Amino acid sequence: MQLKYVATTCPFCGTGCGLNLIISDGGVVGVAPYHRSPIGTGKLCMRGLHAAKAVGKYRIEAPTVGGLPTDWKKALTEALKLKNYSGEDLAVYTSSRLTNEANYCIMRFAKEILKAGTIGTLISGRVARGNVRINDLKKADVALVFDDCMKRFPLTGNKLFYMQQNGGKILYCGEESYTAIQADAKCIEDADGKLVISDEFKNILKEAKNPVVIYSTTGKYAELAEETAKSCNAKTAVLYDTNNGRGAAEIGFIPSLDTLKATEKVPKAMLIFAETPMFMDDIYEELGEKLSKVELLVVVASNASSLTDIANVVLPVTSFAESEGSYTNWEGRVQKVSAALTAPEGQKSPCEIIAELSGKAISYKDTAAIFADIKANIPAFKDVSYEQVQKADGAFIEVI
Amino acid sequence: MSAKGDMFYAWTTSSDIKGECGGAVTSFLQHALANKMVDAVLAVRRGADLYDAKLELITDPAEIPKAAGSLHCGTLLSAKMVKKYMNGANDLKIAVPVKGCDAMAFYELAKRTQINLDNVILIGLNCGGTVSPITARDMIADKYEVDPDSVFKEEIDKGQFIIDYNDADGKHQHKGIAIDKLEEGPEGYGRRMNCQRCKCKIPRQADLACGNWGVFGEKSGKATFVEVCSEKGAALLDSAVKAHAVEVCAPEPKGLEIRGKVETAMLKLGEKNRTRQFAGLGEGRERLQKMMKLTSRCIGCRACIENCPICYCVECSTAKPHLIDQNRVPPDFMFHLIRFAHIADSCINCGQCQELCPMDIPNALFMHAQQVELEKMFGHKPGYTMELPVLAFAEEANERARLHATGSDMIYENVFGEEK
């Protein structure tokens, strides 16, 4: 019997807690606390505790074309028909759950080779950057929290208990919720869903020495939060729902789910890197009708979903914990993701798939080489040291 | 031949083992593995850095010296891992180095037939307490004014938390601060709160209890103090001596006295900390209100249950919709009342439910405060013997079948199976 721990970063929300995957005889059997994580200090919420299940059970074993299993060569040839489309007719959507390295390769392919008209992620919300670090939340004297951020992001939320213990106050705006229960004062939206931030709240923020406004990019009140922070001269903690939402945004992917949902003009061809790891919700289900109209739908996925059911070409990809790289959490901390498992035979990593699709034009010898290229081309990453990313504390993409 | 109760100074004969205090523990583990007394050793290894401890199952005796002697930032609890991921050592013989809380957890899980202690050799390690890694780093930066990354050694000795580090000029420096000084402050520095309350410093529940307390005279710093605590421990020690894996001599009388004094002082400090921390909870209604307020931070993630060495039920009552609304966050206070009622009698104060609570509820403080009261009332002391608490009499499946057959949900009805 074999049993060892592999430290990695949680694949769920943008807080970026560290965790240990327990590897026994080649498989992930569970999760153990990673006390050395500068964010979680070993603590995990219900999602992280079950990260072992993120690898998924319904793996796609072989590439398919028209729903039928085939070999990689034929599938890649079919996928490359994407090149017959261009501009507005072609969209590339990635997953904000993939590593920075994978997303950088995908971005290069979408821009340089496919010259796609739309390049985005299938998530809602906006792109925004906060200017406070997670552990500095403990030192704030007032935190104005929107939506139910303490429950949605538990290991970000718990820093506010330290703040409260140090004499700081939690103010809350939104619906009745978990966060509302924890708050020292609250503004609850009315029956019509209307929210007015009281002048008292604004005055408290303005008079505070170290105020911070906390909201999520997908929150109902994201815009209001942003305005309030600006008008009250408060710092902001902008939280991302996905583990690498901030990283994908820095690389240049625009959250495109809402636009796609609203548009009548669906691109004729699409390349989608689907959600990996496996999640409980099939986020593609509601897009099904729209996507079935696409002439050529190429999907790269590790697990079967309603999306792979309707795809013209499916390319099987490594799942969470099968390829290494890094995620960028909401505060801009770049942290290591370890390859704890060997991928099942016949699966390629996102970067390998891009290398194949690009005829080796976008191909790197290892993760460090991709990272060096990211550093050279993505402004936010210019000062990030790859060596520091490998360490327990990670490295920040920009100095605040 | 040694016997239970015997005490020795022991040291390794191997040049590969660089143990700080004689390396006897490493030698015992290696000897047990090399001589097939066990199939594997569940050891603590250093992970990312000095502050990171991780468990690893080692099957190659040559790998044993690479395992960490002791990391004070290692706050892991190994027993639950054995239960969860190693089938409770039912089909695998293992040796495990254990702190007091680990040893107590092994006993409590063994009582509940979740670990087969016949297949486990416990090598006890004296423990003055552990410090959570991030707390240690913050404390070193703040109180020691030293870059935590420049520290290459840490220890708890003579009431101090001591670090060895290289200063800006690369010079070796040594700095210690009294633990009670560190723990007095409002920052929450020092050992984990449960370690501060701990009164299991020399784990005599293990097969051998080892440490550096009481190593006096010429062997000081070169030998490990070993107390034989069971026949299994005696057999391992004798075998290791016979194979010349370790050498032993009688302890100095002065050493025995010192060891006794260190232990007594630690126990006194533990008692003082209990009094102080429990007093902070208040009494009666005030205590209840405090508990209700702080448990209202709960998000129902069940990390406390997952990591508790007492919890083992397949069907947890807190997951039953007729007892607890599973969609409500925070869950009703009943969630916590069920936990208190089910496990407080057996709480061993390992601290995991608190350390791993994402919402920082002082769960271990609440549970331990109740355990000491229950111990006063019923005389049951968990973690030291195989004596069963009332609630552990039953095997879950059998008990559920029995309850089902009674047609009643009264747990205490006819608990001894008497004829009606």
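## Salt bridges and the two chains

A salt bridge is a side-chain nitrogen of Lys or Arg within 4 Å of a carboxyl oxygen of Asp or Glu, and by that rule the count between chain B and chain A is three salt bridges. The structure described here is a predicted model. One of the bridges between the chains joins Asp360(B) to Lys43(A), where the closest N and O atoms are 3.2 Å apart.

## Where chain B meets chain A

The contact between the two chains takes 36 residues from chain B and 34 residues from chain A. Putting the chains together buries an area of about 3000 Å², and 63% of this area comes from carbon and sulfur atoms.

On the side of chain B that touches chain A, the elements giving two or more residues are strand E3 (53-58), H2, helix H4 (133-142) and helix H12 (352-355) of chain B. E3(B) provides the largest share of that side, which is four residues. Sorted by class, the residues on the side of chain B that touches chain A are 22 nonpolar, five polar and nine charged.

## Chain A as a whole

Chain A contains 16 helices and 19 strands. Its radius of gyration is 21 Å, close to the 21 Å that the globule rule gives for 400 residues, so chain A is as compact as a globular protein of that length. Taken along the principal axes, the C-alpha trace of chain A spans about 65 × 55 × 35 Å.

The domain assignment divides chain A into domain 1 (4-55), domain 2 (64-123 + 244-396) and domain 3 (134-239).

## Domains 1 and 3 of chain A

The centres of domain 1 of chain A and domain 3 of chain A, taken over C-alpha atoms, are separated by 28 Å. Ten residues from domain 1 of chain A and ten residues from domain 3 of chain A take part in the contact. The area buried between these two domains is about 660 Å², with carbon and sulfur atoms giving 62% of it. Of the area that domain 1 of chain A buries against domain 3 of chain A, Thr15(A), Ile39(A) and Lys43(A) supply 51%, more than any other three residues. Lys43(A) is also the residue that forms a salt bridge with Asp360(B).

Between domain 1 of chain A and domain 3 of chain A the count is zero salt bridges, while four residue pairs are in polar contact across their interface, both residues being at pLDDT 80 or more. By class, the side of domain 1 of chain A that touches domain 3 of chain A has six nonpolar, two polar and two charged residues.

## Chain B as a whole

Chain B has 14 helices and eleven strands. A compact globule with 420 residues would have a radius of gyration near 22 Å, and the 22 Å of chain B agrees with this. The C-alpha atoms of chain B fill a box of roughly 70 × 50 × 35 Å along the principal axes.

In the domain assignment of chain B, domain 1 is given as 7-126 + 199-270, domain 2 as 133-190 and domain 3 as 281-388.

## Domains 1 and 3 of chain B

The C-alpha centres of domain 1 of chain B and domain 3 of chain B lie 30 Å apart, and 20 residues of domain 1 of chain B are in contact with 21 residues of domain 3 of chain B. Between them these domains bury about 1700 Å², of which 57% is on carbon and sulfur atoms. Lys80(B), Lys111(B) and Arg112(B) supply 32% of the area that domain 1 of chain B buries against domain 3 of chain B, more than any other three residues.

The count between domain 1 of chain B and domain 3 of chain B is one salt bridge; Lys84(B) forms a salt bridge with Glu306(B), and their closest N and O atoms are 3.1 Å apart. Twelve residue pairs are in polar contact across the interface of these domains, with both residues at pLDDT 80 or more. Helix H2 (78-85) and helix H3 (100-111) of chain B each supply at least two residues of the side of domain 1 of chain B that touches domain 3 of chain B, and H3(B) gives the largest share of that side, eight residues. The classes on this side of domain 1 of chain B are ten nonpolar, three polar and seven charged residues.

Key. Residues are numbered from 1 along each chain as its sequence is written. Chains are lettered from A and ligands numbered from 1 in the order in which they are written. Side-chain values use heavy atoms; hydrogens and water are left out. Domain bounds come from an automatic or database domain assignment. Contact means heavy atoms within 4.5 Å. Buried area is the accessible area (1.4 Å probe) that two parts lose on being put together, summed over both. A polar contact is a pair of N or O atoms within 3.5 Å; within protein, one must be able to donate a hydrogen and the other to accept it, and residues adjacent in sequence count only if both atoms are side-chain atoms. Ala, Val, Leu, Ile, Met, Phe, Trp, Tyr, Cys and Pro count as nonpolar, Asp, Glu, Lys and Arg as charged, and the others, Gly among them, as polar. The radius of gyration is taken over C-alpha atoms; the globule rule is 2.2 Å times the number of residues to the power 0.38.
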